[in-house]
Amino acid sequence: MRRLTVTGISHRTAPIELRERLAFSPREVNATLARLVQSGMFQECVILSTCNRVEIYGLSAGDGPVADADVIAFLAGHHGIATDAIDAHLYHYDHQDAIAHLFKVCCGLDSMVLGETQILAQTKQAFAVSLENETTGKYLNALFQRAFAVAKQAHTQTAISAAKLSVASVAVETAGDVFSEFSDKTLLLIGAGETGLLALTHFRERGVRKIIVTNRGYENARAAAERYQAAAVPMENLRDYLPQADIVVAAVNAEAYLVDPEWVRAAMKARRNHPVFMLDLSVPRALHPEIAELPNVFLYDVDDLQGAVSRNIEMRQREAELCMAMIEDQVQRFLSETERWSVEPVIGELHQRMESIRDAEMQRLWKRLEAAGQIDPRLREEIEQATRRMTGKLLHDPSVRLRAAAENGHGFQVVDVVRRLFLPDAPPAAGPPGDSDEAPRA
Amino acid sequence: MLTPIQGLLLGLTILCYSAAWLKQTRFWTLVLPPLAGREVTANALVGAGLVVHSIFMIHYSLTRHAAPVNNLFEAMIFLGWCTVMLFFLMQLAYSTAWLSKYITPILSSLFIVAFFGLLGQHEREEPMQAMLAAHIMLVLLAVGLFFINFITGILYLTKEHAMKQKSSDGVRRRLPPLELLDKLNLRTLLAAYPVLTVAIFLGALYIRSKPEYANWMMDAKIAISIGAWIFYGVVLHMRLNSKNQGRVVPVLSIIGFSILLALFVGVYASGSWHA
């Protein structure tokens with residue numbers, strides 16, 4: 001019986017140095033897929049290689065699963081690494097566990113950032129490469145399509161990917177509680193350091209176009225302004241630019257507060273009380289905390305956002321439990337479906353056998369009747385259809401019971417009995433799902 | 001009284017609005033399987049309710065040969081219809097599907113009270129003049145708009161409070177951005193005020209043509225109506241002035257609607273000539 005296995009390493013089991021050494025470049029993937037199939041190790045396979053994981057999903061070419069030692073030896077040989085060096089870092093899952101693992105990976109439950117969606121796109125890409133290389137068949141096509149469907153279900157029916165997990169993205173999300181539209185907003189960035197520019201990138205992605213950058217070192221402000229198509233202003237003029245800003249992001253090393261409530265009060269008057277979202281990513285803080293008490297000013301500091309991040313992590317963990325229940329259910333469904341595939345060929349053969357017997361008997365009957373006299377063509381067609389219906393009805397219940405037996409895990413025993421009883425001349429039963437080459441391409 | 005078909009239509013309408021309300025609560029998932037997203041199903045139910053509601057209104061008006069604003073029962077049913085229509089128009093313009101969860105409970109309660117408590121009360125015997133019917137219908141349309149203005153005001157204050165408290169609970173996450181709530185608050189005010197102005201103008205024209213109401217200026221309801229009109233005029237002026245952007249105008253919206261509500265119920269419940 002052919003079985004699915006997955007062998008790989010991930011951020012959970014191996015340091016980045018080892019993951020880098022085992023990673024496949026896009027060009028390598030094509031050649032390796034072909035080698036794995038041509039070597040006879042796998043009938044179908046997919047290689048998933050990202051910065052956080054390298055995994056080989058394969059359906060064995062022969063009966064039984066592919067031994068993990070064979071895949072480890074292949075990986076070690078391919079990358080020129082001693083088997084001992086990677087052995088302890090690799091994991092190997094067989095069939096049901098391998099299916100569950102793929103579903104978890106696609107849902108982002110095995111990712112470094114729980115519930116992230118990038119891995120889904122990467123898995124789709126890996127599957128597409130295998131499709132191009134024709135190293136997938138009926139089984140892996142169905143498995144990966146199901147995995148993508150499960151991931152979609154998890155992301156839409158649970159909040160696993162809804163809550164933001166970085167301070168910068170939570171900051172943008174919080175600003176979204178104040179503003180519904182960002183394209184007409186002006187952002188004032190105080191401090192052109194790494195943290196500030198990261199926050200700026202998130203706000204730009206959300207649609208902010210008008211940006212003013214200020215920094216103690218004016219040159220840095222100018223460099224950042226050029227990079228982000230923004231305007232650079234000297235820090236001395238900060239107060240003059242406050243009224244223009246709908247969003248203020250401060251990420252600067254300051255020993256004292258750079259912006260005090262009086263400045264903001266004056267700015268609010270000048271901007272006719274239009275709301276302002278202020279984000280203080282500086283430690284120590286650069287924006288005076290009393291600013292938060294002014295009407296229409298929403299001031300958030302690192303602690304406020306960090307609290308939200310922690311709550312979001314907890315929320316994703318709770319949602320992950322829902323996803324796991326969903327995955328367990330889908331694994332069982334997929335197994336039942338694929339088990340059912342194993343009886344389809346024998347059901348087809350039974351139908352063919354019955355049809356050939358029926359056809360032979362009808363031919364004999366027509367010859368006799370033709371010898372006796374002319375037969376009414378309409379009557380002949382009626383009799384043909386009646387006998388076809390008869391064989392169809394005779395085979396209906398056995399077909400249903402065969403499929404049910406397969407879903408309950410007894411498919412191969414029942415198929416064997418059916419073959420012995422009704423198809424003694426047919427070749428012996430083959431393995432499960434992936435055996436058939438009639439597989440539709442995804 | 002209602003004919004059997006009207007009773008059936010009104011019952012179906014109440015059922016649709018109540019189901020839309022229940023769909024927004026956890027109660028639904030305890031009893032029935034989820035059909036689609038909460039808002040999607042709830043809005044479909046409100047839409048179905050609006051269709052049945054409209055058929056009821058047309059049938060009712062044709063049967064009685066009069067605009068459906070003769071008594072408090074009819075006024076409440078018409079007010080509900082205006083509110084749902086406005087809700088759908090706003091949804092088209094601003095994608096405000098979330099608003100249904102705040103409108104449907106009040107709408108359902110309004111209909112249940114109208115159906116079980118007010119049906120058959122204060123039946124007017126003589127036919128209503130067109131100008132008076134137009135006056136009442138415009139007043140009810142304005143009340144519908146002020147009702148949505150009132151809801152956006154409450155939501156604005158709730159969200160603003162949560163933002164200031166830096167709370168990350170579900171209330172804050174579920175409510176739309178402050179900017180959108182403020183925009184909706186202003187737009188509904190801008191739409192409602194002219195409607196109320198025209199309604200009052202038509203009412204004044206009607207009353208001047210009736211010698212029996214010569215001392216109409218002394219009527220308390222009319223005085224309060226004009227007071228509410230002036231109040232909303234001041235609120236609108238303050239909001240357009242922009243210096244008062246923020247919580248002041250939503251607070252005034254809530255006060256204004258409370259006055260209107262007292263007036264609306266009071267006018268009909270008092271049994272005065274104005275009712």
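1. Helices here are DSSP runs of at least four residues, numbered from the N terminus. Asp68(A) falls within one of them, helix H3 of chain A. Keep in mind that this is a predicted model.

2. Start with the charged surface. Asp68(A), Asp70(A), Asp84(A) and Asp87(A) make up a negative patch. Two helices of chain A, H3 (68–79) and H4 (83–87), each supply at least two residues of this patch. How accessible is Asp68(A)? Its relative accessibility is 35%, so Asp68(A) counts as partly exposed.

3. Chain B has a surface patch of another kind. Ile5(B), Leu8(B), Leu12(B) and Leu15(B) form a nonpolar patch. Together these residues have about 380 Å² of accessible area. Leu15(B) sits in helix H1 of chain B, which covers residues 4–23. Leu15(B) is exposed, because its relative accessible area is 56%.

4. Next, the salt bridges. The count over all chains is 25. One of them joins Lys159(B) to Asp177(A), with 2.8 Å between the closest N and O atoms. This pair crosses between chains. Lys159(B) is in helix H6 of chain B (residues 130–165), and Asp177(A) is in helix H8 of chain A (residues 167–178). Are these two partners buried or exposed? Lys159(B) counts as buried, at 0% relative accessibility. Asp177(A) is buried too, with a relative accessible area of 9%. The cut-off for buried is under 20%.

5. Arg358(A) and Glu355(A) meet through their side chains, at 2.9 Å from N to O. Arg358(A) counts as buried at 6% relative accessibility. Glu355(A) is partly exposed, with a relative accessible area of 30%.

6. Glu74(B) pairs with Arg64(B), and their closest N and O atoms are 3.6 Å apart. Which parts of the chain does this pair tie together? Glu74(B) lies in helix H4 (residues 72–94) and Arg64(B) in helix H3 (residues 38–64), both of chain B, so the pair ties together parts that are ten residues apart in sequence. Glu74(B) is buried, with a relative accessible area of 2%. Arg64(B) counts as partly exposed, at 28% relative accessibility.

7. Some salt bridges share partners. In this way Arg12(A), Arg53(A), Glu55(A) and Asp110(A) are joined into one network.

8. Last, the cysteines. A disulfide is a covalent bond between the sulfur atoms of two cysteines. Cys51(A), by contrast, is exposed, with a relative accessible area of 58%.

Technical notes. Residues are numbered from 1 along each chain as its sequence is written. Chains are lettered from A and ligands numbered from 1 in the order in which they are written. This is a predicted model: local features need pLDDT of at least 70, side-chain atom pairs count only at pLDDT 80 or more; totals for chains, interfaces and linings use all residues. Side-chain values use heavy atoms; hydrogens and water are left out. Patches are made of residues with over 30% relative accessible area and no salt bridge: like charges are joined within 9 Å, nonpolar side chains (Val, Leu, Ile, Met, Phe, Trp, Tyr) within 5 Å. Accessible areas come from the Shrake-Rupley method with a 1.4 Å probe; for residues, only the protein chains shown count as cover. A salt bridge is a side-chain nitrogen of Lys or Arg within 4 Å of a carboxyl oxygen of Asp or Glu. Lys and Arg count as positive and Asp and Glu as negative; His and the chain ends are not counted. The place of a charge is taken as NZ of Lys, CZ of Arg, CG of Asp or CD of Glu. Buried means under 20% relative accessible area, exposed over 50%, partly exposed in between (1.4 Å probe, protein chains only).
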